Amino acid sequence: MAHLDTISRWITATTERTLDQHATDPVPAAAHLPEAAANLRHLRTELLRAVDRLRTLLINEGDLNGSTSTVAGPVETITELAREYRYARNWIDTLIGDAARAAYAQANPGRSVRRRYVSPGDTVLVVLPHTDSCRRQNLAGHASPIKVGTSDARIRPPGSVNPLYLSHADAGVYRDPTEDRLYILQADEAVPGH
């Protein structure tokens, strides 16, 4: 499924930084790019599937053998998905065009990072990304042990007795679209001997 990596290649070509490098930048627009890319990737895949279903319906003459709603339903689905795709694309364009993100990227070379694949139930040490949510909670940039869940992660902030649940995007957990596996990012220099 080569089309799954299209968004990553496009962002890398446009910004001269990989999504993994953006994720480690201390700028909210950059930190949100991996999540925005995942959203756009999902919507693009759904749109491709919906268009393919309509195309198959027309090729098989299903539109001629059924009611007008046979075609109207899939067209409405495509219209809704196209609207969501446009919003997702606008979000990425805003993040890419963010002046602070661009200035930081121009002044600082992209960090060398590697992926460490994780599974739900694993407890791992991550540096929390500079998403808006992490910044509001004064968590951004701090190393913290997290317990990875299927769609979120649990952390225990310093000085707190109660756990806090963060979305994967806010916890620095990402999904590899081609392998459909979760991973965290580690700076190469933080892993001596590797």
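1. Strand E2 (residues 123-127) and E3 run antiparallel and are joined by 5 bridges. Helices (H or I, at least four residues) and strands (E, at least two) are DSSP runs, numbered from the N terminus; two strands pair if DSSP finds at least two bridges between them. Within this pairing, Thr-123 has Lys-147 of E3 as its bridge partner. This is a predicted model, in which local features need pLDDT of at least 70 and side-chain atom pairs count only at pLDDT 80 or more, while totals for chains, interfaces and linings use all residues. Residues are numbered from 1 along each chain as its sequence is written, and side-chain values use heavy atoms, with hydrogens and water left out.

2. E3 also pairs with strand E4 (residues 152-155), again antiparallel, through 3 bridges. The two strands E3 and E4 form a hairpin with 3 residues between them. Val-148 has Ala-153 of E4 as its bridge partner.

3. E6 pairs with strand E7 (residues 181-187) in the antiparallel sense over 3 bridges.

4. Which residue of E7 is the bridge partner of Tyr-174? The partner is Tyr-183. Both tyrosines, Tyr-174 and Tyr-183, are buried (buried means under 20% relative accessible area, exposed over 50%, partly exposed in between, with a 1.4 Å probe and protein chains only).

5. The whole structure contains 2 aromatic pairs. One of them, Tyr-174 with Tyr-183, is tilted, at 5.7 Å centre to centre and 40 degrees between the planes. Ring pairs join Tyr-117, Tyr-174 and Tyr-183 in a cluster.

6. Arg-181 lies over the face of Tyr-117, 4.0 Å from the ring centre. The charged end of Arg-86 likewise sits over a ring, that of Tyr-87, 5.2 Å from its centre. The criterion is that NZ of Lys or CZ of Arg is within 6 Å of the ring centre and within 35 degrees of the ring normal.

7. Helix H5 (residues 69-97) has 29 residues, which at 1.5 Å a residue should span 42 Å; its end C-alpha atoms are 41 Å apart, in agreement. The expected span is 1.5 Å times one less than the number of residues in the helix. The buried residues of H5 are Ile-78, Leu-81, Ala-88, Ile-92, Leu-95 and Ile-96, and they pack against helix H1 (6-15), helix H3 (28-59) and helix H6 (99-107).

8. Ala-82 also lies in helix H5 but counts as partly exposed, at 32% relative accessibility. Its C-alpha atom is 6.9 Å from that of Leu-47, a residue 35 places away along the chain.

9. His-22, in helix H2 (residues 19-24), is buried, with a relative accessible area of 0%. Apart from neighbours within four places in sequence, His-22 is in contact (heavy atoms within 4.5 Å) with Ile-11, Thr-15, Arg-17, Ala-30, Ala-31, Leu-33 and Arg-101.

10. Two backbone angles deserve a look. Most residues other than glycine have a negative phi, and most peptide bonds are trans. Glu-61 is not a glycine, yet has a positive phi of about 60 degrees; Glu-61 lies in the loop between H3 and helix H4 (62-65) and is partly exposed, with a relative accessible area of 46%. Asn-138, also not a glycine, has a positive phi of about 55 degrees. Asn-138 is in the loop between helix H7 (132-136) and strand E3 (143-148) and is exposed, at 61% relative accessible area.

Notes:
Phe/Tyr/Trp six-rings, centres within 6.5 Å; stacked < 30°, edge-to-face > 60°.
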